[in-house]
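Let us walk through this structure together, one neighbourhood at a time. Keep the viewer open and turn it as you read.

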Amino acid sequence: MTPPAQAAAEREALAPLPLIAGRPTDTQLNTELLTPIFTPSQGWKALVTLAALGTGLLGVGLTLTIARGIGMWGNNQPVGWAYDIINFVWWIGIGHAGTLISAILLLFQQKWRTSINRFAEAMTIFAVMQAAMFPLVHTGRPWFAIYWLFPYPNTMGIWPNFKSPLIWDVFAVSTYFTISLLFWYLGLIPDLATLRDTATKKVQKVAYGIFAMGWKGSSRHWQHYRIGYLILAGISTPLVLSVHSIVSFDFAVSQLPGWHTTIFPPYFVAGAVFGGFAMVLTLMIPARAAFRFQNVVTSRHLENMAKVMLVTSMIVGYGYLMENFMAWYSGNPYESFLFFNTRTRGPYAPIYWAMIVCNVLVPQTFWWKRARTSVAWLWIASVLVGFGMWAERFVIIVISLHRDFLPSSWGMYAPTWVDWSIFVGTISFFSLLFLLFLRFVPSVAIAEVKELNHEMQHEAAHAGGGGHEKAHAGVHP
Amino acid sequence: MKSLPVIQDGCQPRPPGHRPLWQSVEELESRSARPGGEFAPGASEVPPEMSRRSFMQILGASAALGGLAACQPPREKIVPFVHEPPENRPGKRFHYATALALDGHATGLLVGSADGRPVKVEGNPAHPTSQGASSTWDQAALLDLYDPGRARGFTRRGAPLSFRGLLAEVQKLARGHEADGGARLAFLLGPDASPTLAALRRRVQARFPRARFHFWAPVTDENALEGARIAFGRPLDVRPAVDPARVILALDSDFLSGQGDSLRLTREFARHREPGAEMNRLYVAEPAMTPTGAAADHRFRMRGGEVAAFARAVAAHLGVVPASPALPPELARAARAVAADLGANRARSLVLVGPRQPAAVHALAHALNGALGNVGTTVRYVRPVLGDGAPSSGALPALARAIEAGTVDTLVVTAWNPVHAAPAGLDVGALLARVPDVLYLALREDETSRHCSWRIAQSHPFESWGDARSRDGVASVVQPLVSPLYESTTAIDLLAAFVDAGDRGAREHVRTTWAARAGLDPAAIDAQWNGWLRQGVIPGTAEAPEAASVDVAGVTSALGRLPAARSEGIELCLAPSAGLYDGRFATNAWLQELPDPITKVTWDNAAWISEATARRLGVETGQVVTLAAGSRSLQAPVQVVPGHADDAVTLTLGHGRTDGSPVSKGVGVDAYRLREAGAWFVHGVTVTPGKGRHAFAIAQGHFAMEGRPLALDFTAKDWSHDQGREELDHLRGPAATAQAPVDYSRQEYAWGMAVDLSRCTGCNACVIACQEENNVATVGKEQVAKGRIMHWIRTDRYFSGPAANPETITQPVMCQQCETAPCEYVCPVNATVHSDEGLNEMVYNRCVGTRYCSNNCPYKVRRFNFLNWRPEVPDVETLRFNPDVTVRSRGVMEKCTYCVQRIEGARIDARVAGKKIGTVQSACQQACPAEAIVFGNLNDPQSKVKRLHQDARRYDLLHELGTRPRTAYLVRIRNPNPDLA
Amino acid sequence: MSTSRVVLGRYPSVDALYAAARSLQASGHSALDFYSPYPLPGSDEVLRLERSPIPAIAGVAAFVGVVSAVLMQWWMNDVDYAINVANRSVVPTPTWMPVTFELGVLLAGVSIFVGLLAIFGFPRPWDPLFEVDAFRSATIDALWLSVAVEPGQVSSISDELRRLGAAQVELVPEEA
């Protein structure tokens with residue numbers, strides 16, 4: 001073996017886990033990544049049926065709510081918000097990792113992003129769809145709320161109150177949904193073209209042809225496309241931060257102990273990334289196994305996500321710590337009562353402690369490589385974190401509300417079956433959309449993977465030397 | 001004239017043309033009144049067992065759902081007058097003076113009528129017993145008037161009768177009794193001081209010399225009258241005057257709430273709760289905490305049977321009666337201190353005894369008041385206004401014996417529901433069934449009417465002519481505000497029928513009576529008559545004080561005859577319910593949903609026991625226990641109540657109705673099942689813990705203030721030493737606000753309120769007044785339990801100190817109308833904003849119901865319509881609504897507005913008159929007997945509210961939040977006896 | 001130039017593609033374009049493309065969004081419907097920030113998307129190139145070069161392309 005080749009071999013040994021296993025050709029990548037679309041599995045059909053039924057539950061819950069009133073839920077006098085806003089914040093939080101992964105990692109040119117960003121963006125959009133439902137249906141009169149919250153000229157001569165965080169929400173969430181959708185679709189166009197050209201059935205040809213809008217991979221298009229995509233990524237990043245900051249204003253701007261906290265914006269954003277990454281893992285791990293994407297979604301990706309979760313978990317933990325510190329340091333009797341009595345010893349204390357365990361302790365295991373690389377544990381941990389983040393919102397919303405200033409108005413909250421069916425329903429609806437996405441849209445950005453594949457083989461070629469032909473082998477038909 | 005009913009049973013055609021046209025609004029609106037529907041019990045429940053089919057239906061519907069189905073405009077009716085009556089001014093409120101009697105003792109009222117329908121009950125300022133205030137029961141009477149469940153028409157053995165037919169039949173029946181002088185004719189009447197009825201009774205007696213009149217009621221004053229007989233040799237009624245009293249000893253007497261003239265007494269009591277030399281001191285000895293006990297400076301808890309011993313010890317210290325058996329040390333100490341205090345305030349002290357105490361204790365009180373020289377200053381004695389018509393608990397058993405002896409053929413019952421309230425073991429129902437003709441006059445079908453051959457619908461007092469007398473004798477003419485909504489009649493008409501005068505009409509009888517009294521010709525008293533109606537009182541009818549001397553020896557011997565205080569086992573104390581009284585208000589949803597002043601329980605009664613007793617018995621709140629008294633037993637849920645006497649259980653009367661309306665049926669447990677005739681205290685009761693659990697609907701779950709400065713109180717001593725003044729300075733004055741406060745000083749009006757905790761007794765009159773004025777919905781037990789009660793004003797009640805016998809403080813909380821309102825800036829649609837006069841306004845039409853305002857309201861005074869609380873309002877009930885206040889729809893937030901409709905009404909009048917707005921009274925202020933709530937214009941330096949806002953005792957609730965509330969609170973001052981500190 | 005015809009050539013590697021392009025440019029053909037499944041590094045220089053207008057579009061849109069947001073809130077809450085809400089000062093600038101920011105981002109984002117469609121002339125599901133069956137590989141795994149020429153030059157340019165190493169040469173049918 002020649003010295004350079006040996007050196008290359010050594011470098012291989014030292015290099016981190018590969019982002020793309022093996023050295024597939026474009027053709028191989030193509031067939032591999034499109035398999036789920038052209039050859040659907042039986043399990044998929046079963047799952048869709050299940051998800052559809054769950055979505056029906058959502059329909060029932062919403063119908064009863066709108067037809068008979070918020071009274072169908074457990075909400076009451078001290079606890080004006082409960083599952084409705086918990087779910088809203090939880091879903092919108094999940095919806096944040098997508099854009100963040102996709103946008104920020106793109107800006108930082110993290111190569112490992114390419115295999116998971118499409119996945120994450122889809123998750124974002126579907127999660128935001130769930131979230132966007134709640135601000136509307138949680139109102140007492142949604143048939144008015146649906147347009148009274150927007151500033152439209154009306155005969156009453158009344159305008160919305162731009163001092164209210166709820167109005168900020170309306171703008172933030174709708175903007176976020178629009179931008180995420182455009183970002184996702186823009187990234188999708190070249191792959192839709194690929195599908196159009198790979199498809200054999202007439203229907204698929206036509207359908208994908210329409211959505212591809214005529215993309216033909218022209219370099220003159222690629223030029224505008226890349227800059228546009230980059231800017232979109234650029235503005236999405238502050239957008240993500242702003243949206244969850246604004247969601248946190250719903251609480252921070254009020255004066256209720258446990259809500260009235262200046263640390264909320266950063267700690268909500270961190271929490272969103274935290275929960276979002278957990279959700280990506282929860283979905284990615286089974287999908288990867290089912291569709292045999294192990295080559296493009298390698299354990300390197302999983303490990304990186306575990307690291308991100310470890311970091312964000314510690315930011316969230318710091319948030320909890322600061323809340324308690326301020327409660328003590330400010331000497332505000334109402335705050336300290338909430339933090340050191342109601343939360344830790346009150347009737348809902350178990351949920352508080354569950355939150356601490358899931359969000360702060362569980363991710364600590366990611367200090368160990370074995371935990372980060374064990375797929376099973378990663379999945380369990382991310383499910384736990386998903387629950388933990390839901391519990392966090394319960395703690396913030398219900399626990400703060402049920403015991404506020406005047407003990408005379410303290411009360412308890414208990415969810416009704418309608419609350420549950422709406423919660424389960426949104427999860428089902430989300431899964432349904434996701435399953436359809438997996439079935440009909442390339443869940444990994446093919447073009448980007450191909451690009452990455454070439455960059456790497458190029459580097460490898462120049463580094464390894466002699467690999468020149470191999471580097472370009474990919475483009476042979 | 002007998003005015004014809006507005007509504008008759010659908011089947012009967014209405015005789016045309018008999019009805020004054022101006023009633024057509026009601027007529028048209030009031031057809032097809034359905035019972036029930038006051039609220040939907042458990043409206044939020046799941047559609048019963050969601051079948052797969054209905055599931056699929058909803059599933060399908062959900063697809064098509066556009067929300068449009070839910071937003072049809074509210075149904076509207078426009079019914080013009082055919083001929084505009086001259087006196088009618090649309091939208092203008094007329095007030096008519098009338099009176100309501102409870103157990104025969106009247107309270108003078110002014111009833112506000114809008115477009116010919118009574119919509120608001122207010123106290124008559126000219127009437128001595130109400131002095132402008134009104135009780136929860138007076139207020140709630142309005143709901144009974146419009147209750148779709150009321151009895152209608154007349155039937156004999158199921159066959160309907162017209163009014164004329166009824167009179168004819170009764171007269172025929174009467175003639176049949178003439179032969180034997182009415183030997184087989186009996187009357188069972190409730191207590192009523194009406195002179196007209198008394199006159200009619202005499203005429204009936206004259207025609208039927210051998211007819212028997214029985215006067216009976218579940219709650220009587222017979223012990224008091226018997227006590228007077230012991231002390232004075234004749235029955236006299238005590239007329240206490242709290243005003244001049246500096247030291248008051250209330251022996252099991254809840255004189256600040258409950259029946260009697262609590263309105264007047266509360267007002268007099270509250271006047272002297274401000275710090276200073278004039279401040280009075282109240283000692284209360286009672287088993288279960290009452291509003292009076294909560295207002296006391298010293299409260300001694302003891303079983304009902306021990307009160308006598310305590311009273312005797314006090315009397316012994318004052319040398320009124322010989323020394324008594326020894327008391328437990330702390331009570332002995334208390335007795336000594338109380339006696340000393342009473343002795344030091346001769347002629348300025350007062351000893352009151354509750355109707356539950358045995359006659360001897362009443363007699364002792366007479367002796368005490370006599371010895372203390374209180375007669376003439378704080379105590380007067382008058383002839384009981386009920387006279388020979390005073391009810392006795394023995395009346396029912398006596399009647400029962402007569403029926404069993406088969407000596408009764410015809411029985412006329414106007415007493416309320418004898419079957420339900422009969423003494424335990426006396427099956428009145430079966431007895432009534434044995435009487436051929438039982439004529440039962442009742443406002444609604446109840447347990448009794450089932451057993452009566454004649455069912456005669458009674459007119460509501462607001463529909464009928466009559467007369468009544470207050471406890472001190474002042475007479476009022478009861479005048480109708482509206483023609484009977486249903487075909488019904490009055491006791492006067494019914495009794496008159498027995499002397500063939502039934503067709504003259506109640507009004508004629510009343511006029512005749514009073515013409516005779518005035519010594520005038522009935523035809524020629526119009527001038528006086530109209531004056532009486534306008535005034536609401538008939539001058540010169542008050543009873544003159546009677547001179548009376550106490551027979552101390554008799555009193556002492558009576559005391560000797562009392563059973564020994566300590567008896568084995570547990571003592572069961574029965575008491576009238578704070579909301580339902582003896583049960584006659586059980587069908588009133590307002591009163592059912594009114595939180596008990598102490599326990600805050602709604603839609604229920606419970607076996608109240610002390611913490612220690614609960615521990616001893618091993619039971620806890622919500623656990624169902626079996627109360628056994630002799631052979632009788634009753635299952636009741638336990639509630640542990642602070643301040644209750646040990647080894648005693650208190651159960652309130654009035655719940656557990658088996659019949660009546662959906663409102664009353666099966667709510668709570670029926671304490672009558674354990675009650676001997678007239679008994680209040682049952683000794684040797686056993687309590688056996690059961691397995692069952694019962695869920696209460698409690699309006700205020702948490703009793704402790706958690707050391708927060710919310711409802712503040714100081715002892716008079718600390719206050720005089722300026723202690724706490726600087727403590728208060730942290731809770732008032734300009735609050736730190738980020739924004740420069742808006743300047744309201746240039747406005748003509750700045751509305752504000754002041755609530756004096758020293759005066760408030762937590763009687764809840766304000767709550768019902770607000771509910772009536774502002775069309776506040778009732779929601780039912782399930783929804784209250786879910787925390788969705790709708791009251792705009794609530795009386796928070798906090799306990800402090802030892803749970804065994806805590807100090808209690810009550811605090812009415814309504815919207816504080818914050819100048820920097822936290823609720824406003826969070827509303828996305830500008831549905832709650834500020835008026836230039838400083839009101840925190842709620843725009844119902846604009847509200848979309850995000851509930852953010854409620855979350856951000858630190859006082860939690862906002863109320864949300866979680867469901868449509870009025871799924872379908874029977875048309876007759878829509879008449880009840882105050883036309884000046886929006887009836888809120890589902891999904892909308894609502895709250896106290898300082899009765900903005902009254903402010904605007906006053907503004908209109910002022911503009912018309914070209915003057916400034918004079919005094920505006922909020923509904924709660926108007927009803928409050930203690931004058932604890934004061935509303936007015938803060939920009940008027942002369943106004944009382946302005947003075948109170950500058951009072952040294954003023955503080956703001958949650959001042960540190962910088963909400964700048966317009967409602968100020970005045971700290972409560974307690975006046976404890978230094979010797980007992 | 002509806003009369004002009006487009007000739008396609010498939011090249012085995014990026015280097016070959018670029019080489020071909022350069023020599024064609026040297027021989028005076030400027031109407032060139034590449035087609036590839038992923039963006040080709042350096043293609044801009046080879047094709048001598050000028051800078052994209054997208055950033056400018058986005059910038060303007062963002063500015064419009066921000067300004068309109070500020071004006072909207074000021075006019076709606078402080079001019080047309082100025083009402084005392086919780087004693088807050090009349091011009092509460094801080095509370096304007098969220099909406100202002102969101103509106104800026106929204107307009108920028110939408111303008112980028114719309115701008116791209118405008119530049120591409122999308123949606124345009126059918127394109128004469130798609131008539132060439134082999135061209136489908138352009139979005140899968142092949143590199144194509146297109147050159148537009150006068151109808152007369154078609155055959156010569158085809159030979160030229162082959163000479164420059166095209167593995168396959170196709171003539172795009174005329175637009176119907």
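With a relative accessible area of 15%, Trp44(A) counts as buried; here buried means under 20% relative accessible area, exposed means over 50%, and partly exposed lies in between (1.4 Å probe, protein chains only). Before we go further, please note that this is a predicted model, in which local features need pLDDT of at least 70 and side-chain atom pairs count only at pLDDT 80 or more, while totals for chains, interfaces and linings use all residues. Residues are numbered from 1 along each chain as its sequence is written, chains are lettered from A and ligands numbered from 1 in the order in which they are written, and side-chain values use heavy atoms, with hydrogens and water left out.

Trp44(A) belongs to helix H3 (residues 42-68) of chain A; helices (H or I, at least four residues) and strands (E, at least two) are DSSP runs, numbered from the N terminus. Not counting residues up to four places away in sequence, Trp44(A) touches Leu435(A), Leu436(A), Arg439(A) and Phe440(A), where contact means heavy atoms within 4.5 Å.

Now look at helix H16 (residues 417-440) of chain A, which holds Trp420(A) and Phe423(A), three residues apart, about one turn of the helix. How are their rings arranged, with centres 6.4 Å apart and planes at 50 degrees? The pair is tilted: rings of Phe, Tyr and Trp (its six-membered ring) pair if their centres lie within 6.5 Å, and planes under 30 degrees apart count as stacked, over 60 as edge-to-face and the rest as tilted. Trp420(A) is partly exposed at 41%, whereas Phe423(A) is buried at 11%.

H16(A) also meets helix H5 (residues 117-137) of chain A: their axes come within 10 Å and cross at roughly 150 degrees. Axes here are lines fitted to C-alpha atoms, for helices over the stretch in contact, and angles run from 0 to 180 degrees between N-to-C directions. Among the residues making this contact are Phe126(A) and Phe134(A) of H5(A), and Phe430(A) and Phe437(A) of H16(A).

Asp84(A) lies in helix H4 (residues 83-107) of chain A and is buried, at 2% relative accessibility.

Arg851(B) takes us into chain B, where this residue lies over the face of Phe864(B), at 5.2 Å from the ring centre. A charge sits over a ring if NZ of Lys or CZ of Arg is within 6 Å of the ring centre and within 35 degrees of the ring normal. Arg966(B) likewise has its charged end over the ring of Tyr744(B), 4.7 Å from its centre.

Finally, visit strand E24 (residues 648-652) of chain B. Five of its five residues are buried, so E24(B) is largely enclosed by the rest of the structure. Ala648(B), Thr650(B) and Thr652(B) point one way, and Val649(B) and Leu651(B) the other. Strand E19 (residues 570-575) of chain B pairs with E24(B) in the parallel sense over five bridges; strands pair if DSSP finds at least two bridges between them. Within this pairing, Cys573(B) has Thr650(B) as its bridge partner.
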